[in-house]
Amino acid sequence: MSLLVQRVAETLSSHGSLAQAVPGFQPRAGQTDMAMAVCQTLEQGGQLVVEAGTGVGKTYAYLVPVLLSGQRALVSTATKALQDQLFSRDIPRLVEVLGLPIRVALLKGRSNYLCLHRMEQARHSAEAAQPGAQRALAKIETWSQATRTGDMAELSGLDERSSLWPLVTSTRDNCLGSSCPRYRACHVNLARKEAMASDVVVINHHLFFADMAVRESGVAELLPTVRVTVFDEAHQLNEIGVNFLGQQLSTVQLLELSRDVLATGLQLARGLVDWHALTDRLEKSSRDLRLAAGMHRGSVRLRWTDAVPEGVESAEWTPALQNLVQALEQTQSGLETVVELAPDFQRLFERARELGQKAALFSNAPDPEGVRWAEVSAQLRLVESPLDIAQAFSALTKSVQAPLALDDEDPSNPESIQALMAGDPCRDGAPQALGAAGGVGQRAWVFTSATLGDEPTLRWFTEPCGLTSAQVMQVTSPFDYARQAALYVPEHLPKPGDPGHAGHVAQLVVEAVELLGGRTLVLTTTLNAMRSIGEYLQTRLDPAANVEVLVQGQSPKRRLMERFREGAGDGRAGCVLVASASFWEGFDVPGNALQLVVIDKLPFPPPGDPLFEARSQRITREGRSAFADHALPEAAVALKQGAGRLIRSETDSGVLVVCDTRLATMSYGRRLIRGLPEMRRLNGHPEFLSTLRQLTTDATSSTTS
Ligand code: SF4
């Protein structure tokens, strides 16, 4: 047994340092099993994929081995919430308990940091002339004198959605890189330098893929050189990765370019080029292309397998796109005449050229290996992406250690990504590695999440991520689901395709919520169902039930979750929250405040989604069943995530209601139920209501005792 394995086992044991220092820490067999597998991966290299059910304690199961190994590591999360939790709570606590001299850094995407150069320019922009903007800008300027990190989160009162935000932060497009007059003091640059000097860097998947997909102009050191990478919330890797590895052209990018060219031209080269004429044409051609995509309600994705997006008039689209290509060429020509005057013009020229190349790409036929679509809302976004990240990611994760001078990196090239992520684990200043963990060789990759598939091979996750030869393990939740939770499928409800379905779901929710006094989360598969159920509850719930109805979108997610957590205590009303989309995961309310989760329909991927369809077609071409091998696993994973909101601790209890009769009547329903934790089944409405009454009685007695 290696020294690392011994130290980790001891730390997680009933007499270990965690049990002594962390209130409520209990050794858990699943956590120790996972930690041992992580140790093995750290020592031998390779890829480990772990699905760790709710309550396993997976964060400590990877953090303890990683920190004790002394190796440099990247820990990546899907959400900012977990990123902040790891950096501000979990890692500092472990570093203190384990007594390790470890430097930890948090690295966010560039839009989270103040851009000093753009802040100085913002004074001259049209937005800054808006009422209130001058005052807000003055506040930012004052703060900029005092901040060390430039992290915009320090600045209270400025919302990310504010129109000032993009004026004082940078994008990859508008950053001047090493040509910037404020490069030495640049907060993005300094944050990256700090990360480079740290032993553990907490990043997010967006940042990881942004680095993988593009070369940052003039900013050479992107991520530190590491041998160990851990992805938590790994179930989101494929979707986030596909987004970054594809090509995108949007009217937002085009209009921003037009605005920046006009502002910079007038400020630094007035009279040398007809900036108004140049940018008017660019702006008009962008808007004309959006108009050519037609009128649609809300946001739609149009399939694009031929010369033009489906349903779009070729006679309008083709000349509009051609016009845009020409407008971008003219913009480049105009900028080329002044590039010598200021680095700003050089960067604008590069932006115009990149967008011109994309416009040319979308003028040609789609790549048969990928998928292309047009996303139409008030804006227009053209997307061409790979179907998954398998190719790029398998090359990356299978590479062996090959240190590289970071200045030579080219993150758009998978070969250089391999080198970028390779590293020297024993560099000066790193805590000493334990056992064999510091050895050179294959890099170590750990992927974990509470939901990575609906069967033991975790193929739903490993295949699209190119991890088919990874070591895979499932660690089941320590919760006693058979005792703590019940599943009810109301078979008296109409079929999910029935137009009255949402109304019947709403009636069931009203009855249940009045019995329980709130404490209910309703998860819908569409925004329409969410609105109609929300409205029904708001108008029909008996005021005497003293239940507050919350609907997604009323307040930020964090605020809704806080209100929900407060529950019905201290004379406050209990809550029912109706939500869709992001609330299917990451909604964490342990205790009696949440005892009923109602799911309106089985969460099959939306029909007509171009990415889903292209993936299905590929599976069919491979001779497999698109339903059994794609649609069903997608639904199973989403259902598991939604159901996972119910039981969040050993003492929780509650009922999961799935208002979709297909779960009970169709043969595939059995597979979906097998993918869920093993809960007691409720047979019929009377048993459902009596279970709710029992929950109410138990909750009342636990509050009064
Ligand atoms: S280097 Fe880029 S991010 Fe930094 S101050 Fe300059 S423009 Fe802004």
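Predicted model: local features only at pLDDT ≥ 70, side-chain atom pairs only at ≥ 80, totals over all residues.
Which residues are around the ligand? Residues are numbered from 1 along each chain as its sequence is written, and side-chain values use heavy atoms, with hydrogens and water left out.

**View 1. The shell around the ligand.** Arg110, Cys115, Leu116, His117, Ser170, Cys175, Leu176, Gly177, Cys180, Tyr183 and Cys186 are the residues around the ligand, each with a heavy atom within 4 Å of it. Sorted by class, the shell holds seven nonpolar, three polar and one charged residues. Here Ala, Val, Leu, Ile, Met, Phe, Trp, Tyr, Cys and Pro count as nonpolar, Asp, Glu, Lys and Arg as charged, and the others, Gly among them, as polar.

**View 2. Strand 5 and its two partners.** Strand 5 covers residues 228-231; strands (E, at least two residues) and helices (H or I, at least four) are DSSP runs numbered from the N terminus. Val228 and Val230 lie on one side and Thr229 and Phe231 on the other, all of them buried (under 20% relative accessible area with a 1.4 Å probe, protein chains only). Strand 2 (residues 73-77) runs parallel to strand 5, joined by four bridges, and two strands pair if DSSP finds at least two bridges between them. Four bridges also join strand 5 to strand 10 (residues 444-449), again parallel. Take a look at Thr229: this residue is the bridge partner of Leu74 and also has Trp445 as its partner in strand 10.

**View 3. Strand 17, covered on both faces.** All five residues of strand 17 (residues 654-658) are buried. Gly654, Leu656 and Val658 point one way, Val655 and Val657 the other. Strand 12 (residues 485-488) pairs with strand 17 in the parallel sense over four bridges, with Leu487 opposite Leu656. Strand 16 (residues 596-599) also pairs with strand 17 in the parallel sense over four bridges, and Leu596 has Val655 as its bridge partner.

View 4. The open sheet has the strand order 14-15-13-16-17-12-18, with parallel pairing. Strand 14 (547-551) and strand 18 (680-682) each have a single partner strand, so one side of each is left without a neighbour in the sheet. Neighbouring strands are turned by 20° against each other on average, direction ignored. Helix 24 (residues 626-643) packs on the sheet, touching strand 13 (520-523), strand 16 and strand 17, where contact means heavy atoms within 4.5 Å. The direction of helix 24 makes about 155° with that of strand 16; axes are lines fitted to C-alpha atoms, for helices over the stretch in contact, and angles run from 0 to 180 degrees between N-to-C directions.

Terms used. Buried < 20%, exposed > 50% of the residue type's maximum accessible area, 1.4 Å probe, protein only.
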